[in-house]
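Hi,

Here is the structure I promised to pass on. Have a look at it first, and then read my notes below.

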Amino acid sequence: MRKTAILYLYRVMKNFDIPIIYRSPLISAIKNRRRLEDKMKKDLTPTLLDLGEVQIYLARHFGFCYGVENAIEISFRTIAENPGKRIFLLSEMIHNPQVNADLQSRGVRFLQDTHGEQLMPFEELTAADIVIIPAFGTTLEIERRLQAIGIQTERYNTTCPFVEKVWNRSSQIARKDYTIIVHGKPGHEETRATFSHAAAETSTLVVKDMKEARELSEYIRGNEPAEGFYHRFKGQYSAGFDVQRDLNRIGVVNQTTMLASDTQAIADHLRQTMIEVYGLTDATVGERFADTRDTLCYATLENQNAVFGLLGVDAELAIVVGGYNSSNTSHLVELCEEKMPTYFISSEEKILSPQEILHYDFHTKTEKRQTGWLPEHRPVRILVSSGASCPDALVEAVIRKIAGYYDASETVESLVTEFGA
């Protein structure tokens, strides 16, 4: 049985021990009902919560994924099993401020921030300390540094299995002398980790979007002088990268939380470039371009597809809940923004009143105050989703906050019973 199938079955069977504060009676009841009614996950229609004057449509898939639940379980178990020990997180365990704050309130300290900047020198660590590797994974360089101190990195490693899957696929094509092109955000923890693992075996380059992929194509075609590459992609290529040598055979993998359609478009564009440059056909393109389509994370793909299903509803606005530095959440926002006004919020506290909401603009990386965000007509139709690192409890809190504006709190309570029946 293939590793991906094993991971899928394991996810279906395993029940993670997640703190009750992250769970939601309402969302759990809804997800359980949908799971029983649609075991093959083919139905992407949203769930309607009819609250009378306001109608909330929940995406078919949203919230904690396998990798996040696994990381949370390991982290909280580590704290419970090691009273009195110094426990550190290499960086944010996941991109959710509430979860990270909860861990810090229990005495866990961060060694680095989300950008890799040092918050505490590694020299202050001892072999008796515990260091938890986050769900994004980490670089080989940091692993070796911690191991040199005597820290058992493998024992408290919460790296998502689907991130490791990308590393394994990179390794496979590296052994066949392909250069690895990583579609990802250069500063993101996961991309830094994937880059490190790939670069240990072959020449590696990060491209963040289609614009950079098109620019890369010009170097592959020889339309741009090779020396310009080193300035244009500074900080994004591995040591000793040779434009004329290392762009002859390539394969594309991705940061697992990127927009799936973007990764596929970049791969298709670079594949076509290789066909045209080397006079290949669909049958022979494998000589120059490796097939790596199976590196997309199942949860990223499910959540994005569920948003497409959600957007089939004729609604006035969308709300996406999650951490502001969460890559997968920002891509859900991006999809919704194409169709309607969309508010990216980290919790129900950002909903100030029926007239005002604080929401995050990930394009400018600023929080903005919006007035008149709720339409006055009735019923109001609102689409709701959340990122893979967002606790269901936050989504329920958002629903309850909105319901309170329409005197529908009792209806929410009745829905818990209805969906749980």
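Ile250 has its bridge partner in strand S9, and that partner is Phe289. Bear in mind as you read that this is a predicted model. The strand on the Ile250 side is S8 (residues 250-254), which pairs with S9 in the parallel sense over two bridges. Both belong to an open sheet of four strands with parallel pairing, in the order S7-S6-S8-S9. Strand S7 (204-207) and strand S9 (289-290) are at the edges; each has a single partner strand, so one side of each has no neighbour in the sheet.

Strand S3 (residues 87-89) runs parallel to S4, and two bridges join them. If you want a residue to start from, go to Phe88: its bridge partner in S4 is Arg109.

On to the helices. I looked at two packed pairs.

- H2 and H15: helix H2 (residues 25-37) packs against helix H15 (residues 409-420) at an angle of about 30°, and the axes are 8 Å apart. Angles under 35 degrees count as roughly parallel, so H2 is roughly parallel to H15. The crossing of H2 past H15 is left-handed.
- H12 and H13: these axes come within 10 Å and cross at roughly 20°. That makes H12 roughly parallel to H13 as well. H12 passes H13 in a right-handed crossing.

How many cavities of 30 Å³ or more does the count come to? The count comes to one. The largest cavity holds about 250 Å³ of space. Its lining is made up of 22 residues, and those nearest the centre are Cys65, Val68, Phe136, Thr257 and Asn328. Helix H3 (66-81), helix H12 (298-310) and H13 each supply at least two residues of that lining. By class, the lining of the largest cavity has 11 nonpolar and 10 polar residues, with one charged residue.

Helix H11 (260-278) and helix H13 (327-337) are the elements that give two or more residues to the lining. Which of the elements gives the most to the lining of the second largest pocket? That is H13, with four residues. The lining here divides into eight nonpolar, 12 polar and seven charged residues.

As background, most residues other than glycine have a negative phi, and most peptide bonds are trans.

- Arg378 and Pro379 are joined by a cis peptide bond, with omega at about -5°. Pro379 is in the loop between strand S13 (366-371) and strand S14 (380-386).
- Lys41 is not a glycine, yet its phi is positive, at about 60°. You'll find Lys41 in the loop between H2 and strand S1 (47-50), and H2 is the helix that packs with H15.

Cheers

Definitions and conventions: Residues numbered from 1 in each chain as written. Predicted model: local features only at pLDDT ≥ 70, side-chain atom pairs only at ≥ 80, totals over all residues. Heavy atoms only, no water. Nonpolar A, V, L, I, M, F, W, Y, C, P; charged D, E, K, R; others polar. Pairing = 2+ DSSP bridges. 1 Å grid on protein atoms, 1.4 Å probe; cavity = no way out; pocket = protein on both sides within 12 Å on 5 of 7 lines; lining within 4 Å. Points joined across faces, edges and corners; volume = space filled by probe spheres on them. Axes fitted to C-alpha atoms, helices over the stretch in contact; angles between N-to-C directions. Parallel < 35°, antiparallel > 145°, perpendicular 65-115°, else oblique. Left-handed = near helix turned anticlockwise from the far one by under 90°.
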